[in-house]
Amino acid sequence: ANTRNARAQLRDELLVGGRVFGRLIHVRTQQFAEAARILSGDFGFKSAYATRDFDTILSALENHRGRIGANLMVLVSLDHRLIADTLRPRTRDVPFAFPDLIRAAEDTGEATAIVSVDRRPYLMVVVPLLAPVPVAWVGAGLVIDDTLAGDLRRLTRLHISFVNWQPGGGGATPASTLPADLRGAVPGSLPQRFDAAAATFSVTLDRREYVSHAVPLGGKGGSSLIAVLQQSTEEAFAPLQRLRTNLIALFAGGFLLSMIAGVL
């Protein structure tokens with residue numbers, strides 16, 4: 001009965017952790033959006049754009065990237081062409097790789113998506129450069145890596161793996177808090193389909209049972225990025241096991257004292 005209760009409590013903790021995780025990602029995205037908007041009010045940056053001073057534009061983007069803790073920043077024209085990119089400083093005047101993100105921002109004023117840059121997932125947000133009407137688009141990206149996964153684990157107290165999941169199963173794990181020998185096995189252990197609710201489920205990794213909860217994050221093409229929140233039943237039941245050990249020790253000690261008292 002205690003084991004069943006502990007398992008039910010673990011499922012509840014994972015569901016709560018999923019909501020906390022979603023909120024943390026939303027807050028991080030909004031922080032990036034607000035930080036990117038600061039450039040819209042920077043007179044020097046808008047002047048550099050107006051005069052097409054690309055060295056100044058790139059320098060300003062790089063400096064701002066460092067201040068807000070982004071991994072990349074881009075400036076994109078209204079016709080969806082790349083003006084400047086801190087990740088590829090020499091690349092310019094080519095079609096922006098994610099035009100759908102710009103189109104979504106044109107409709108709503110800003111947009112966020114999970115995109116793949118150099119085969120690494122990024123959380124990217126784009127906002128307009130205003131003068132005073134939109135004249136270009138400023139994008140900021142945060143790489144989804146082990147550092148981000150570790151930060152989220154400390155806040156949720158759950159293992160977190162980011163999986164490039166493919167319909168029907170399979171995929172890759174670009175970031176995870178699991179040990180290196182387990183992270184590669186996560187995609188193959190997941191269900192072949194996820195419903196919108198993404199209920200909890202159990203998987204086996206290296207002969208250990210992990211109760212898991214999947215949070216779809218979206219994506220383009222044939223794969224989607226999914227955050228898998230997990231905790232092993234061994235970790236979850238450790239307090240219960242310690243309680244059992246203490247009770248056994250207590251009963252054994254009481255029985256031994258009773259025997260000694262009887263002998264005496």
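Predicted model: local features only at pLDDT ≥ 70, side-chain atom pairs only at ≥ 80, totals over all residues.
Modeller: Two strands count as paired if DSSP finds at least two bridges between them. Strands β1 (residues 72-77) and β2, for example, pair antiparallel over 3 bridges, and within β2 the bridge partner of Val74 is Asp85.

Biologist: What lies between the strands of the hairpin of β1 and β2?

Modeller: There are 4 residues between them, and one to look at is His80, which takes a positive phi near 70°.

Biologist: Before we go into details, how many helices and strands does the chain have?

Modeller: The secondary structure comes to 9 helices and 10 strands. The chain has 264 residues, of which 42% count as buried. Take the contacts with a separation of 6 or more: residues 24 or more positions apart account for 50% of them.

Biologist: In what order do the strands of the sheet with β1 stand?

Modeller: The general idea is that strands of a sheet pair through backbone hydrogen bonds, either parallel or antiparallel. Here 5 strands make an open sheet in the order β2-β1-β5-β4-β3, with antiparallel pairing. Because β2 (82-85) and β3 each have a single partner strand, they stand at the edges, and one side of each has no neighbour in the sheet. Neighbouring strands are turned against each other by 25° on average, direction ignored. Helix α2 packs on this sheet, where it touches β1, β2, β4 (120-130) and β5 (134-143). The direction of α2 makes about 90° with that of β4.

Biologist: And which strands does α4 lie across?

Modeller: Helix α4 lies across β1, β3, β4 and β5, and runs at about 175° to β3.

Biologist: Which strands form the other open sheet, the one with β10 in it?

Modeller: That sheet also has 5 strands, ordered β7-β6-β10-β9-β8, and the pairing is antiparallel. The edge strands are β7 (171-176) and β8 (200-205); each has a single partner strand, so one side of each is left without a neighbour in the sheet. From one strand to the next, the twist averages 35°. Helix α5 (residues 146-156) lies across β6 and β7, at about 135° to β6.

Biologist: How many bridges join β6 to β10?

Modeller: Strand β6 (residues 159-165) runs antiparallel to β10, and 7 bridges join them; Trp165 has Ser224 of β10 as its bridge partner. Strand β9 (residues 208-218) pairs with β10 over 8 bridges, again in the antiparallel sense. There, Ser212 stands opposite Gln230 in β10.

Biologist: Why is β10 described as largely enclosed by the rest of the structure?

Modeller: The step of reasoning rests on a cut-off: buried means under 20% relative accessible area. In β10 (residues 224-232), 8 of the 9 residues are buried, so the strand is largely enclosed by the rest of the structure.

Biologist: Now the helix pairs. At what angle do α2 and α3 pack?

Modeller: Two packed helices are described by the angle between their axes and the distance between the axes. Helix α2 (residues 43-50) packs against helix α3 (residues 54-68) at about 145°, with 8 Å between the axes. The crossing of α2 past α3 is left-handed. On the α2 side the contact uses Phe45, Ala48 and Tyr49, and on the α3 side Thr56, Ile57, Ala60 and Leu61. By type, these residues divide into 6 nonpolar, 1 polar and no charged.

Biologist: Where is Arg52 found?

Modeller: Arg52 is in the loop between α2 and α3. Arg52 counts as partly exposed because its relative accessibility is 43%. From C-alpha to C-alpha, Arg52 is 9.2 Å from Ile83, although the two are 31 residues apart in sequence.

Conventions. Residues numbered from 1 in each chain as written. Heavy atoms only, no water. Axes fitted to C-alpha atoms, helices over the stretch in contact; angles between N-to-C directions. Helix = DSSP H or I, 4+ residues; strand = E, 2+ residues; numbered from the N terminus. Left-handed = near helix turned anticlockwise from the far one by under 90°. Contact = heavy atoms within 4.5 Å. Nonpolar A, V, L, I, M, F, W, Y, C, P; charged D, E, K, R; others polar. Buried < 20%, exposed > 50% of the residue type's maximum accessible area, 1.4 Å probe, protein only.
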